[in-house]
Amino acid sequence: MHIQNLANKPPAFHAALLIFTLAPLYLGSYQYRRGHSYGGTSTSASARPAVTDFVGEWLDVHPVQPFNPSAIASYCNHTDWHPNLVFNLKNANGGVGNVRGNFLDFFFFAIEAGASIILPGMASRSQTDISNVWADRAPFDLMFDEAWFLWAIEQACPQMAVYKPEKWQKMADALPGNYLPRSRRMDEDQGNTQKAYLEHLDGWLKASTSFKPDGLTFLNLERTLWNVDTRSLPLGLRRNLGQLLRINPVVRRLAAIAVQNLSLKYYVQVDPRDPVPKRAFYGAHLRTEADAQNAGWLNEPNTNFSAQSDAYMEQALKHKLEVVFVASGNATDLALFQAKAAAHAPPLTVTSKLDLLPPDALEQLQQLTWDQQALVDYEVLQRCSVFGGFVKSSFSYGIAITRNQWLEDEGRVTDPWSVMHEEVGVAFDDGISRVLARDGFHEQRIPRGMWP
Ligand SMILES: *[C@@H]1O[C@H](CO)[C@@H](O)[C@H](O)[C@H]1NC(C)=O
Ligand SMILES: *[C@@H]1O[C@H](CO)[C@@H](O)[C@H](O)[C@H]1NC(C)=O
Ligand SMILES: *[C@@H]1O[C@H](CO)[C@@H](O)[C@H](O)[C@H]1NC(C)=O
Ligand SMILES: *[C@@H]1O[C@H](CO)[C@@H](O)[C@H](O)[C@H]1NC(C)=O
């Protein structure tokens, strides 16, 4: 369909180098899509031993499931599409919480503008200085499941072409400068409508001397984070847009293995088909790594190692959970937490992916980058019984917000924000997730801006 569209364009369009180099690629990615059967139980259900395959069963489950493309599809149906408009996101950066937010805002801004996209990549962090998040570039699948994304976007929004240029392919010139889309935060200003955004985009294009209305328009979108009032949109759109992104399955598999071993080693019952197993284990995000220290985060009230570890232990005990899975990129603090929990009365068992992976999986883990290793934790924590995280972390908040969508899907609606008025030093609590400490910026941006 896209191919026919391309063939019907005026000659100027054919001449555009971008399409010249990318059209075959798009065909390729289309084939790729059809070769991967996603959705339902199609893949390997029959090839798999029914009861014993913990890892396979765990991997089949996502907290927000099933993916329902229809709300996105209906939004895409109401959009005016411009096949010669292509958006590129060049500067997504940070850990999974931020990159996910950058990508989802980008997809949304592209949908509203009727633009096609280049499959986004991201900046990757330096392995030697984790505060330097701009050290290198990495492709989409460093973090996310590319085959799933291509399949899901085809279901939800077939009007949007997704291009994936190879490194050696010369790209058309982008319009000079990055376009920063006008905010869609309707909650901050009633004027932040789709219409106002499109007029702003139009104005920006017309002001660019390189813009040719009949030609190919290739533009770099400046990254945004939580810049859409997701709660001003149709419920199904808010719920499902975030599900376009799933974590890379190779990395997720390590999470499944860790959870299985947690269950075996500590004799806790985990049903792999249960998105959020009851009374199995507590999950904590101990956010005390060097980059958090460098940013000065840990000098504020209720934020340092002792405040975080105390709060997590207290909450685990309150929920009668004796096994605590801890995520931290800091091995020293992890060991400290372990010792502190063991000495506590009553004692708690603290474990981590490093303690749970068998040798071959551990070796695989160690070959991953720092942010990819954190994805293993991201997946385990999404599916713990009760979660505790840290307010300045988009990683923590992302876990809490996705789990909150699961609660909502279950019909268990709570007000996670009311805890701010009831307790000191807690920003979010919906009964299955709690976010520790306070932070004006995140509290203002995330409740309406983060995609579940
Ligand atoms: C979108 O439009 C297509 C083609 O007109 C139609 O088949 C589909 O049902 C529409 N989807 C929704 C959700 O409106
Ligand atoms: C881990 O935390 C300690 C303080 O407990 C700090 O000195 C060290 O730099 C941190 N290391 C990493 C890798 O974050
Ligand atoms: C850690 O934070 C707590 C609570 O904010 C504070 O009372 C304590 O003095 C801090 N400890 C250190 C070592 O800074
Ligand atoms: C469980 O973890 C231990 C390390 O603590 C490892 O030796 C063992 O192979 C793991 N078993 C499974 C089934 O993953």
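## Ligand 2: polar contacts

Aspartate 333 places a polar side-chain atom 2.7 Å from an oxygen atom of ligand 2. The model is predicted, and this distance is computed from it. Asparagine 330 also takes part: an N or O atom in its side chain is 2.2 Å from an oxygen atom of ligand 2. Glutamine 293 has a polar side-chain atom 3.4 Å from an oxygen atom of the ligand. Taken alone, ligand 2 exposes 360 Å². The protein buries 54% of that area.

Pro301, Asn302, Asn304 and Ser306 surround ligand 3. Asparagine 302 contributes through its backbone, with an N or O atom 3.0 Å from an oxygen atom of ligand 3. Asparagine 304 contributes through its side chain, where a polar atom lies 2.4 Å from an oxygen atom of the ligand. On its own, ligand 3 has 360 Å² of accessible area, and the protein covers 32% of it.

How many charged residues does the shell around ligand 3 have? It has no charged residues. The shell is made up of 1 nonpolar and 3 polar residues.

## Aromatic pairs

The count of aromatic pairs comes to 19. One of them joins phenylalanine 106 and phenylalanine 107. Their ring centres are 6.0 Å apart and their planes meet at 50 degrees, so the pair is tilted. Are these two residues buried or exposed? Both phenylalanine 106 and phenylalanine 107 are buried. They also belong to a cluster linked by ring pairs, made up of Phe103, Phe106, Phe107, Phe140, Phe144 and Phe149.

Tryptophan 226 and phenylalanine 441 form another aromatic pair, also tilted. The centres are 6.5 Å apart, with 45 degrees between the planes. Tryptophan 226 sits in the loop between strand 7 (217-221) and helix 9 (235-241). Phenylalanine 441 is in helix 19 (residues 440-449). The pair therefore ties together parts that are 215 residues apart in sequence. Tryptophan 226 has 2% relative accessibility, so it counts as buried. Phenylalanine 441 has 49% relative accessibility, so it counts as partly exposed.

## Arginines over tryptophan rings

Which residue lies over the face of tryptophan 148? It is arginine 246, at 3.5 Å from the ring centre. Tryptophan 58 has an arginine over its face as well. This one is arginine 383, at 4.2 Å from the ring centre.

## Asparagine 91

Where is asparagine 91 found? It is in the loop between strand 1 (85-89) and helix 6 (96-113). Why does asparagine 91 count as buried? Its relative accessible area is 11%, and buried means under 20%. The side chain of asparagine 91 makes a polar contact of 3.1 Å with the side chain of glutamate 222.

Key
Residues are numbered from 1 along each chain as its sequence is written. Chains are lettered from A and ligands numbered from 1 in the order in which they are written. This is a predicted model: local features need pLDDT of at least 70, side-chain atom pairs count only at pLDDT 80 or more; totals for chains, interfaces and linings use all residues. Side-chain values use heavy atoms; hydrogens and water are left out. A polar contact is a pair of N or O atoms within 3.5 Å; within protein, one must be able to donate a hydrogen and the other to accept it, and residues adjacent in sequence count only if both atoms are side-chain atoms. Accessible areas come from the Shrake-Rupley method with a 1.4 Å probe; for residues, only the protein chains shown count as cover. A residue is near a molecule or strand if one of its heavy atoms lies within 4 Å of it. Ala, Val, Leu, Ile, Met, Phe, Trp, Tyr, Cys and Pro count as nonpolar, Asp, Glu, Lys and Arg as charged, and the others, Gly among them, as polar. Rings of Phe, Tyr and Trp (its six-membered ring) pair if their centres lie within 6.5 Å; planes under 30 degrees apart count as stacked, over 60 as edge-to-face and the rest as tilted. Buried means under 20% relative accessible area, exposed over 50%, partly exposed in between (1.4 Å probe, protein chains only). Helices (H or I, at least four residues) and strands (E, at least two) are DSSP runs, numbered from the N terminus. A charge sits over a ring if NZ of Lys or CZ of Arg is within 6 Å of the ring centre and within 35 degrees of the ring normal.
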